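Me: I'd like to learn how to read a model like this one. Can we go through it feature by feature?

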Amino acid sequence: MAELKTKPTDQSVEQFLNGIADEKRRQDGFLMLKLMKQATKEEPRMWGSSIIGFGDYRYKYESGREIDWFLIGFSPRKQNLALYIQTGFDGYDGLMEKLGKFTTGKSCLYIKKIEDVDLSILEQLIRQSIEHLKSAK
């Protein structure tokens with residue numbers, strides 16, 4: 001079985017964020033860092049070279065394969081801010097309707113500009129998804 005490429009590292013989260021060339025994306029990264037720290041009460045940790053994750057979660061695929069992952073995380077990419085919401089978005093219709101402008105993948109929320117979303121709604125989404133994961137254990 002192939003080994004997971006994205007793993008926790010000892011890289012400094014602040015150093016990573018400070019290394020982002022685009023000032024606006026760097027500011028958004030620090031804002032998301034603060035928001036997720038408050039919502040999770042967890043310390044951030046780098047996963048791979050560009051993902052900031054919070055907490056620990058043992059993810060189990062339908063196939064039975066299990067991996068260690070983070071509860072929630074984000075990556076300040078060049079084209080957008082990618083949030084990794086492990087629970088996906090089913091069951092969060094009310095929050096998603098109020099969130100603002102975004103796109104989604106299976107468990108990723110993509111935000112082009114942080115000003116396009118309501119941060120209080122985003123924090124609720126983060127908190128609820130974490131509660132859901134923790135209650136499913």
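Me: Let's start with contacts: what does Arg127 touch, not counting residues up to four places away in sequence?

Reply: A contact here means heavy atoms within 4.5 Å. By that test, Arg127 touches Gln38, Ala39 and Lys41 once residues up to four places away in sequence are left out. Arg127 itself is found in helix α4, where helices (H or I, at least four residues) and strands (E, at least two) are DSSP runs, numbered from the N terminus.

Me: What should I keep in mind about where these values come from?

Reply: This is a predicted model, in which local features need pLDDT of at least 70 and side-chain atom pairs count only at pLDDT 80 or more, while totals for chains, interfaces and linings use all residues. Residues are numbered from 1 along each chain as its sequence is written, and side-chain values use heavy atoms, with hydrogens and water left out.

Me: And how confident is the predictor; where is confidence lowest and where highest?

Reply: pLDDT is the predictor's confidence in each residue, from 0 to 100. The protein chain has a mean of 90, with 96% of its residues at 70 or more. Strand β3 (residues 57–60) has the lowest confidence, with a mean of 77, and α1 the highest, at 98.

Me: Back to Arg127: is it buried or exposed, or in between?

Reply: Buried means under 20% relative accessible area, exposed over 50%, and partly exposed in between (1.4 Å probe, protein chains only). Arg127 has a relative accessible area of 31%, so it is partly exposed. Its contact Lys41 counts as exposed, at 67% relative accessibility. Lys41 lies in the loop between α2 (23–40) and β1 (44–47), and has a positive phi of about 60° although it is not a glycine.

Me: Which elements does the chain have, and in what order do they run?

Reply: There are four helices and eight strands. Reading from the N terminus, you get α-α-β-β-β-β-β-β-α-β-β-α. The radius of gyration, taken over C-alpha atoms, can be held against the globule rule, 2.2 Å times the number of residues to the power 0.38. Here the radius is 15 Å, close to the 14 Å that the rule gives for 137 residues, so the protein chain is as compact as a globular protein of that length.

Me: How do the strands go together in the open sheet, and in what order?

Reply: Two strands pair if DSSP finds at least two bridges between them. The open sheet has six strands in the order β1-β2-β5-β6-β8-β7, with antiparallel pairing. β1 and β7 stand at the edges with a single partner strand each, so one side of each is left without a neighbour in the sheet.

Me: Can you walk me through some of the pairs?

Reply: β1 and β2 pair over four bridges, with Pro44 bridged to Phe54 in β2. Their hairpin has three residues between the strands, and Gly48 takes a positive phi near 65° there. On to β2 and β5, which pair over three bridges; Ile52 stands opposite Phe74 in β5. β6 and β8 pair over four bridges, and the bridge partner of Leu81 in β8 is Ile111.

Me: Which way do the β2 residues point?

Reply: Ile51 and Gly53 point one way from β2, Ile52 and Phe54 the other way, and all are buried. Leaving aside neighbours within four places in sequence, the contacts of Ile52 include Val13, Phe16, Leu17, Leu33 and Phe74.

Me: How many residues does the largest nonpolar core have?

Reply: A nonpolar core is a set of buried Ala, Val, Leu, Ile, Met, Phe, Trp, Tyr and Cys residues joined through side-chain atoms within 4.5 Å. The largest one has 34 residues, and Met32, Ile52, Phe74, Leu83, Leu109 and Leu122 have the most contacts inside it. α4 gives the largest share of this core, six residues. There's also a second, separate core of eight residues, including Trp47, Ile67, Tyr84 and Cys108.
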